[in-house]
Amino acid sequence: MRNRTRKSVHRSTTTRRSTTTRRTTARRTTARRAAAPLATAAALLLCGPLAATPAHATDPPGGSTDTAAKPPAHMSTVGGKRLGRPGTQVALKQGAPALPKGLSGKSWLVADAESGDVLASHNAHWQLPPASTLKMLFADTVLPKLPKTKTHRVELSDLEGMGEGSSLVGVKENYTYTVHDLWLGVFLRSGNDAVHVLSAMNGGVPATVREMQAHAKYLNARDTHVVTPDGYDEKGQVSSAYDLTLFARSGLQKADFREYCSTATAQFPGAYAKDKKGKKSRSSFGIQNTNRLLTGFGVEPYKGIAGVKNGYTTNAGSTFTGVAQRGNRVLLVTVMNPQQGGGTEVYKETAKLFDWGFEAAGSVDPVGTLVRPGAAGASHSSADGEDSRKGAQASVSTADGSSSGMWTAVGITGGSLALLGAVAFGVHRRWPLPELVRRRSRD
């Protein structure tokens, strides 16, 4: 009996060890598979400038967010009563162009970045998983607090808590990076590792999440609930096309934010190595923006595009907020979770809405407004029509009430791109939004 018991215990122990081994192997395999596309993209970039399509910005899900098949019958009315209604909202004047056909996004919005007029929308306040577009709120919250020249030596604890299969730029433990390096990793590669290191520098992930939620409230982005700073799928983490547009509009008033989100390619610090003489130096590797309207991979680059942020998770699908200028008009477009097409559909639908918005501007009545930050902006939350437009034009100041002067953005014209390691590309243009802020901030 005693021998049989020992054998039984031995078999049980062996079974547990075998099960643990299989689970460990599975996790390692999953991690290798998730990291492989990023490593391949980086290697191809080093072999030749813009030689290959970048990996789509992915943050595979770490939680379950059940999303209803249909939008709620009643949603938030921040920015106007019509924005709280399900379905498409547009007020075409005689001779105005019709909205593009074939739009499949669960939610989308087209707005004038300067006046705040919402030209058209579809389920604008539907609370949906935001994916990495939530990084716009992260950047708008944290970026002003950390000088770009500040350096940080990464500790293992800085990288803890990232979801399995997170998109990574390649931040390494015990290596030192500048804040500038890390922000390039956030905007170009949607690196959750860079987000977590910056969060650690900001007092930790929980503190950063609290600050992001407070900043969202200040911006009157009431559809947004923040659980993680990187947009990784977690239960209860939601935003809306309306809120994402508010985040972009606020962030774009910061010069560094504009620089990072409009950068197509950059060099990121790599490992240390010794040359033949034994001298130790640090290498770098090329990274490229996963915003395909900016880089032109898989779709035509959009003329006049200057950012902002794309994302993808299993629960969120593809999400994207973009800003573009044509002449003196600047538009913001957000598209969430297209229900047809592949990984490029979100960009194609965004481009269609940009084209429509530039053509339709002046020939449609606004259906709502992008409200200004703070209590004064919230007072316009249920406005509609002409009243909402007046509310939008009052102010769109940054969180600290400051303005950094002329808006200068880097655009892409005719699909021309900068080579790796080269200087800035495109043309520099004056964007008048900060001037609008200075003129009206005293109202």
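Phe-358 is buried, with a relative accessible area of 12%; buried means under 20% relative accessible area, exposed over 50% and partly exposed in between, with a 1.4 Å probe and protein chains only. The model is predicted, so local features need pLDDT of at least 70 and side-chain atom pairs count only at pLDDT 80 or more, while totals for chains, interfaces and linings use all residues. Residues are numbered from 1 along each chain as its sequence is written, and side-chain values use heavy atoms, with hydrogens and water left out.

**Overall make-up**

- The protein has twelve helices and 14 strands. These are DSSP runs, numbered from the N terminus: helices are H or I with at least four residues, strands are E with at least two.
- Of the 443 residues of the protein, 53% count as buried.
- Contact means heavy atoms within 4.5 Å. Among the contacts with a separation of 6 or more, 69% come from residues 24 or more positions apart.

**Aromatic pairs**

- The whole structure holds ten aromatic pairs. Rings of Phe, Tyr and Trp (its six-membered ring) pair if their centres lie within 6.5 Å; planes under 30 degrees apart count as stacked, over 60 as edge-to-face and the rest as tilted.
- Phe-187 and Tyr-260 are both buried.
- Phe-354 and Phe-358 also stack, because their centres are 6.2 Å apart and their planes at 15 degrees.
- Both of these residues, Phe-354 and Phe-358, lie in helix H9 (residues 345-360). They are four residues apart, about one turn of the helix.
- An α-helix has 3.6 residues a turn, so residues three or four places apart point the same way.
- Phe-354 counts as buried, at 0% relative accessibility.
- One aromatic cluster is formed by Phe-138, Trp-183, Phe-187, Phe-257 and Tyr-260.

**Charges over rings**

- A charge sits over a ring if NZ of Lys or CZ of Arg is within 6 Å of the ring centre and within 35 degrees of the ring normal.
- Lys-280 lies over the face of Tyr-272, 5.5 Å from the ring centre.
- Arg-282 places its charged end over the ring of Tyr-177, 4.8 Å from the centre.

**Packing of H2 on H5**

- Helix H2 (residues 135-142) and helix H5 (residues 205-218) have axes that come within 9 Å and cross at roughly 95 degrees. Axes are lines fitted to C-alpha atoms, for helices over the stretch in contact, and angles run from 0 to 180 degrees between N-to-C directions.
- H2 and H5 are therefore roughly perpendicular to each other. Angles of 65 to 115 degrees count as roughly perpendicular, under 35 as roughly parallel, over 145 as roughly antiparallel and the rest as oblique.
- H2 contributes Leu-137, Phe-138, Asp-140, Thr-141 and Val-142 to the contact. H5 contributes Thr-208, Glu-211, Met-212, His-215 and Ala-216.
- By class, the contact of H2 with H5 has five nonpolar, three polar and two charged residues. Ala, Val, Leu, Ile, Met, Phe, Trp, Tyr, Cys and Pro count as nonpolar, Asp, Glu, Lys and Arg as charged, and the others, Gly among them, as polar.

**Covered helices H3 and H4**

- H3 is mostly covered, with ten of its eleven residues buried. Trp-183 and Phe-187 are among them.
- H4 is mostly covered too, with nine of its ten residues buried. The buried residues include Asn-192, Asp-193 and His-196.
- The cover over the buried residues of H4 includes H2, strand S4 (151-153), H3 and H5.

**Backbone details**

- Ser-190 has a positive phi of about 55 degrees, although it is not a glycine. Ser-190 is in the loop between H3 and helix H4 (192-201).
- Ser-190 counts as buried, at 0% relative accessibility.
- Asn-337, also a residue other than glycine, has a positive phi near 55 degrees. Asn-337 is in strand S10 (residues 329-338).
- Asn-337 is buried, with a relative accessible area of 14%.
- Gly-203 follows H4 and has a positive phi, near 110 degrees.
- The peptide bond from Gly-307 to Val-308 is cis, with omega near 20 degrees. Val-308 is in strand S8 (residues 305-313).
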